[in-house]
Amino acid sequence: MVHHEGDPAVRALAIKCEHRVPESVNSPIAAPVPLAHGEAYTNALIQTEERDEETLKTISHAPTVAEDVSFYVDFKDGDRRNPANFSPARKWAITINACVFTGIVAAAGSSYTMGYSSMTRDLDCTLYQAILGFGVYPLGFAFTPLVTSSFSEEFGRFHFYIVSSFMFVLTEVIIALAPNVQTVIAARAIGGCFGSTGATLVAGTIADIWLSHQRGFPMSLYALSVVASSGLGPMIAGWIEANPSLQWRWIQWIHVIVGGVYSVSALLVMRETRSTVILVRMARQVRKDTGDGRYRARSEENKPCLISMIATSCTRPLSLLFTEPIVQSFSLWIGFVWGVLFFLLDSVSSEFQNIYGFGIGETGSIFATISIGSLLGYLANVYQERLYKKYVHRKGQEARLYMACVAAITLPTGMLIFAWTARPDIPWVVPLIGLTLFMTSVFVIYQVVFIYLADCYGPYASSALAGQSLCRNILATVFPVCTTRMNELLTYKWAGTVFALIAVIMIPIPYVLFFYGSRIRGCSPASQKILAIEAEQKNPDLEKS
């Protein structure tokens, strides 16, 4: 059927994307208003490509005159159910709440290292076993998102925040009550799986509720919560460990308390922000109210099964990681940087205790340099945004790389300062200057990798970012496990020097991409496919030959 005037069951506007079919004249009962192109493509930091491909399929395979007509349920202009139309107060409440979860997860990961001394004593375990508990934590961040990203597309983000936060708190309780180190290691691994939500869904949540030109500050806040909290956690945990009546178990109990408060706040503050999930619920309600099965959301058209979505989310990141030079080079770079960061998180405390005779509380305070470096890196990225706006018309995506080129030089510089000045005859503040310079560079590189890959791979951004996340967190697992042995064989100075020399070898990475990135993408099959998808979305009314 094509015309439906006077039919009371038909109360939504029909959208015919490829063939021009007359629209219904009746007003919608559930306030669905059509969008000509479905969900618009954005350069959001974490855009899930399944949604973009579904949009393309809907555009390409809309019903013809001879076929049954589907009535697409969509948001009206200004509809408050649309996450993009949430009030600024609600947007900021959701953004800050989500970033707090990120900070809690990051702080829990790093603060664990401050309890080694009392843990090895209480659990009668070796230092290597305690370090293993630190190393397995990032594994959850490496592999879990490959599966959970598809589930969040299907069931929404809200439930993942609630379930993940409560289960994360439960794993911290298990660690605090652990009778042996094996329980600690297992709980840390599971905690990393649930905590990974704080690292993967937050960027998607920000993309859901903020328009592309509004995301700069929220995304910087997210990156700041990741890196700065990695220093804030050990800074507080050091003084907890220094108190004989508290020590390592109370480091975990503090995580339980803070995580529990967050879990309650998430129930009160967080809302579903995945627009496709909201539209599916709206369409389901309209079908129930009218008894007409033709009402549906766009994402329900040509929708792949959940198993297929999981298979795609697991295999495509690996495909991009092994076949795309840009993804390979940036994944290797940020993976190495993240591995060195975890190496330092694990070794800085013992280094300052051995060289300068610091107490455990004082060594915890050293980690304030991580937070200070993160703030400086944030300011550097503010300047990078100005450079991007000035040169984007000339350089394209590569205009994102100006500060990355600077950070490539300051990274090994900071590492060498730290490695060669951490000596009894040099004041302790000097190596801390090197550590601060290193952390500033880490923050700049971390944020640039996210934004540049998202710009380059558009509809496939989430897969490209999942590939680098896999590489980054695997190396973050490997490096700390080798820390003790490496420092014993090479000493702190030469172990740091080896890492600095590797960083020097990697300096050309951002420069090569800055000058030749567009040519490299031009030879990429993935980039050619992305251009085809974007062309289809820009010209939805053109019929395929």
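Is Gln247 buried or exposed? Gln247 is buried, with a relative accessible area of 14%. Buried means under 20% relative accessible area, exposed over 50%, and partly exposed in between, with a 1.4 Å probe and protein chains only.

The model is predicted: local features need pLDDT of at least 70, side-chain atom pairs count only at pLDDT 80 or more, and totals for chains, interfaces and linings use all residues. Residues are numbered from 1 along each chain as its sequence is written, and side-chain values use heavy atoms, without hydrogens and water.

**View A. Gln247 in helix 10.** Gln247 lies in helix 10 (residues 247-269). Helices are DSSP runs (H or I, at least four residues), numbered from the N terminus. Phi of Gln247 is positive, near 60°. Most residues other than glycine have a negative phi.

**View B. Asp124 in a loop.** Asp124 sits between helix 3 (116-122) and helix 4 (127-135). Its phi is also a positive value, near 55°. Asp124 is exposed, at 72% relative accessible area.

**View C. Helix 2 against helix 6.** Helix 2 (residues 88-111) and helix 6 (residues 158-176) pack at about 25°, axes 12 Å apart. Helix 2 is therefore roughly parallel to helix 6 (angles under 35 degrees). Contact residues (heavy atoms within 4.5 Å) include Phe101 and Ile104 of helix 2 and Tyr161 and Phe168 of helix 6.

**View D. Helix 11 and its end.** The 16 residues of helix 11 (residues 275-290) should span 22 Å at 1.5 Å a residue, and the end C-alpha atoms are 22 Å apart, which agrees. The expected span is 1.5 Å times one less than the number of residues. Buried residues include Ile278, Leu279 and Met282. Gly291 follows helix 11, with a positive phi near 75°.

Key
Helices (H or I, at least four residues) and strands (E, at least two) are DSSP runs, numbered from the N terminus. Axes are lines fitted to C-alpha atoms, for helices over the stretch in contact, and angles run from 0 to 180 degrees between N-to-C directions. Angles under 35 degrees count as roughly parallel, over 145 as roughly antiparallel, 65 to 115 as roughly perpendicular and the rest as oblique.
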